[in-house]
Amino acid sequence: MYDCPSCKKPTISGARKWWSNMAYAECSECQRLCHVPGSSANAIFALAFVMFLLTIVAMITAQSTRVGIPGVLVGGASYVALWHRADLIPVSRARAATERKVGIVTAIFSAIISIFN
Ligand SMILES: [Zn+2]
């Protein structure tokens, strides 16, 4: 569990923290919202993506899928470690209400777009 940035109580689960980039995590103690900012999430995603590409290149170069195993393990471990270290930032209800109007469809759509950017 991760500490809520508003009340400092450990109420945010790891999965909730990860998903907070898409939908704000709500603290069960103080009901305030928080998230990992998109800039952090994108940086983590970009790093994981580069590691994934390097693993693919290594497997093609060595013509063996076995060399991909450490690559996947290192890539996966650093992805989790970076999410673990990423800061949760409090979000005001007013801002969340404004952003919610955008809707989940737009959120998913922009996530798909960001994959191809
Ligand atoms: Zn809280």
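Domain bounds, as used here, come from an automatic or database domain assignment. By that assignment the protein chain divides into domain 1 (1–37 + 87–117) and domain 2 (38–86), and the centres of the two domains, taken over C-alpha atoms, are separated by 24 Å. The structure is a predicted model, in which local features need pLDDT of at least 70 and side-chain atom pairs count only at pLDDT 80 or more, while totals for chains, interfaces and linings use all residues. Residues are numbered from 1 along each chain as its sequence is written.

Seven residues of domain 1 are in contact with seven residues of domain 2, two residues being in contact if their C-beta atoms, placed from the backbone, lie within 7 Å. On the side of domain 1 that touches domain 2, the residues divide into three nonpolar, two polar and two charged; here Ala, Val, Leu, Ile, Met, Phe, Trp, Tyr, Cys and Pro count as nonpolar, Asp, Glu, Lys and Arg as charged, and the others, Gly among them, as polar.

Helices and strands are DSSP runs numbered from the N terminus, with helices (H or I) of at least four residues and strands (E) of at least two. Two packed helices are described by the angle between their axes and the distance between the axes. Helix 2 and helix 3 pack at an angle of about 175°, with their axes 9 Å apart, and helix 2 is therefore roughly antiparallel to helix 3. The axes are lines fitted to C-alpha atoms, for helices over the stretch in contact, and the angles run from 0 to 180 degrees between N-to-C directions; angles under 35 degrees count as roughly parallel, over 145 as roughly antiparallel, 65 to 115 as roughly perpendicular and the rest as oblique. Among the residues that make this contact are Ile44, Leu47, Met51 and Met59 of helix 2 and Gly68, Gly71, Tyr79 and Trp83 of helix 3. By class, the contact of helix 2 with helix 3 has 13 nonpolar, five polar and no charged residues.

Met59 lies in helix 2 and counts as partly exposed, because 17 C-beta neighbours are found inside 10 Å. The cut-offs are 20 or more other C-beta atoms within 10 Å of a residue's own for buried, 12 or fewer for exposed, and partly exposed in between, with C-beta atoms placed from the backbone. Leaving aside residues up to four places away in sequence, Met59 touches Ser64, Thr65, Val67 and Gly68, and from C-alpha to C-alpha Met59 and Gly71 are 9.4 Å apart in space and 12 residues apart in sequence. Gln63, in the loop between helix 2 (38–62) and helix 3 (68–85), has a positive phi of about 50° although it is not a glycine, and counts as exposed with 7 C-beta neighbours inside 10 Å. His84, placed in helix 3, counts as exposed with 11 C-beta neighbours inside 10 Å; His84 and Asp3 are 81 residues apart in sequence and 11 Å apart in space, C-alpha to C-alpha.

In soluble globular proteins, nonpolar side chains tend to be buried together. A nonpolar core is a set of buried Ala, Val, Leu, Ile, Met, Phe, Trp, Tyr and Cys residues joined through C-beta atoms within 7 Å. The largest such core has 12 residues, namely Tyr2, Cys4, Ile12, Ala25, Cys27, Leu33, Cys34, Val36, Ala41, Ile44, Leu88 and Val91, and the elements that give two or more residues to this core are strand 4 (33–35) and helix 2. Cys27, in the loop between strand 3 (25–26) and strand 4, is buried, with 22 other C-beta atoms within 10 Å. Not counting residues up to four places away in sequence, Cys27 touches Cys4, Ser6, Cys7, Thr11, Ile12, Arg32 and Cys34.
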